Amino acid sequence: MQVEQYDEVLGAQVSRQVMITRLATGLVQGVLLYLLYRAATINMWPATQPFLFMPLFMLVLLLPVVFISSVGHMTSRNVARWTAAAGVVLVVLALHEAWRSAGAVDLNYGFMGRPSQRVPSMLVIVFSGVFLYIAHALVMAGATDGKRIASYGSYFEVAWKLAVQLLFSAFFVGALWSVLWMGASLFDMIKLDFLQRLLMKPWFVAPVICFAFSCALHITDVRPSIVRGIRSLLLVLASWILPVAVVLIGGFLCTLPFTGLDGLWKTRFATSLLLTTVAVLVMLINCAFQNGQTAASLPIRIAARMAAILLLPLTGIAIYALGLRVHEYGWTSDRVVAAACLLVASCYAIGYQWAAHRYETWLVEIAPVNVGAAFLVLAVLLTLFTPIADPARIAVANQVARLEKGLVKADKFDYRYLRFDGQRYGQEALQQLVRQGVGTEPKVVSAKAAAVLKQMERWTPEIGKATVESVAANITMVPVSETLPASFIAQQWKESTDRPLPGCLTSENRECTALLLDANGDGQRDVMLINKDYGDGFLFLEQPGGLWVLSATLDIRCRPMLEALRKGRYQLVDPGLKAVNVGGLRLQFSPVYSYDDCNAIKPN
């Protein structure tokens, strides 16, 4: 259907009744969100039933947007069918989320900042929104053309129009809220705080935000020509970023044969960075391509073709990077999600590569690739957020299998991951490990699994009280040929508020690096411990009688400095500044240095 026909249909369908329906829907949504919030805060029904509350929350949060966008563009029967189908998907996703989180440790800070396991995780909410956006664009385009599979022009019009609507509706809500707070501040200057207090009331906030969002959706919907003009401007501006991106990314790929991939792997986020680069390139290519019928200048056409070719090596390197991490450390939930993203990225990369080698056309073949990729994304999202390919289930099974095969030692295994990231699968796996144990040290596995099951906070410093054996296991010597003094390991460490100790001396499974050095020049070797997580240095001096006392700390502010110390690249020198003696206490000046100075340290 042509653009002019689309506008005529839109103008005929959007009426005063449609406006009232949309605004009323937004107001009802706000009221229902407030009621759910109140139920959660005072712990009353239905908040006491997660299998009821989560589906209700997802439906109230996301389904009204689908309904508002559908009204006026489809018949009442089709609106009801599509809204019901979208609701079923949301209920399925919410029920799975409630089931998988049952029994897991409550780490979720969900609805309006209130901690509650009853609220779906932000990941589920965001990806549910992405699913509905893609599916809604496909359904709306089909309704516009009167076919199940619409023309690419209709997909383009509907998808980009909906994106601009959502973007500017969010901007409208933000601008409105800023004006309200500005007014509240003005009234507060003259000692009238009624508006400020009103803006902090949930019963006012939720309805106003939802009503304003629905109002903005309606206004942008009845002015399609304005939305189309804004969209065209954004696409043209974004398309001119494409040549810059191609030069930078192409230069990066050309330097890899000379620099190697080691620097990329050391970032520890190579896969996510490469995936982001692929996503940016795909978006910019489509900004230039638009509906395939828009004229583009020669530089843009050349850049788009080159960008399509660059997708394949970027995706290949990302797959290789993920494979290395999985081979070394196994699967985690994040890596499963990354693998799913790479599947979609591969679809784009291969399809666009094929389109780029058809020189007689202006990348026309990417149109069916985009449509096919949209359906693939829907399928991937459904498998990830249902038991079919739940990332937590896959990750827990893989990590436990690695422990069983002896690929990870019992004292090095990350039991906390199962506890705090494994959802119900992790809890069940830990309980199984407590009962049976696995690997070459089943008793150690059982004890550590039992200890971590008692932990209710992710970063609680103690999993178990330290013993002589655990202190020795926690500390890694630099160099490895050195050994800690027996009196240091055997000492019973007690932490106090004025002398905090590193966790490796007081708790199990807290790692430190130890250096032996003569810090005070008395001819005796002192012990400096460096925390693994934070990098703070703790200097212990031996007193007469064999008692070790924490005497000083070392402020280590950046990773290059920390790595250099751990690799033994240091030397003891006299301080360049004198100390200040205050009542018998020596106060030492701490040097000031920039992060550029710190990062200039070469640990190798």
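Predicted model: local features only at pLDDT ≥ 70, side-chain atom pairs only at ≥ 80, totals over all residues.
Which residues line the second largest cavity? Residues are numbered from 1 along each chain as its sequence is written, and side-chain values use heavy atoms, leaving out hydrogens and water.

**Figure 1. A disulfide (a pair of cysteine sulfur atoms within 2.5 Å) joins C504 to C512.** Here S to S is 2.2 Å, and the link is left-handed, with -95° about the S-S bond. C504 is buried at 1% relative accessibility, and C512 is buried too, at 2%. Buried means under 20% relative accessible area, exposed over 50%, and partly exposed in between (1.4 Å probe, protein chains only).

**Figure 2. C215 is in no disulfide.** The nearest cysteine sulfur, that of C210, is 13 Å away. C215 itself is partly exposed, with a relative accessible area of 22%.

**Figure 3. Here's the second largest cavity, with its lining of L93, V124, F127, S128, F131, L381, L382 and F385.** A cavity is a set of points on a 1 Å grid over the protein atoms alone where a 1.4 Å probe fits but cannot get out; lining residues have an atom within 4 Å of a point. Its volume, about 60 Å³, is the space filled by probe spheres set on the points, which are joined across faces, edges and corners.

Definitions and conventions
1 Å grid on protein atoms, 1.4 Å probe; cavity = no way out; pocket = protein on both sides within 12 Å on 5 of 7 lines; lining within 4 Å.
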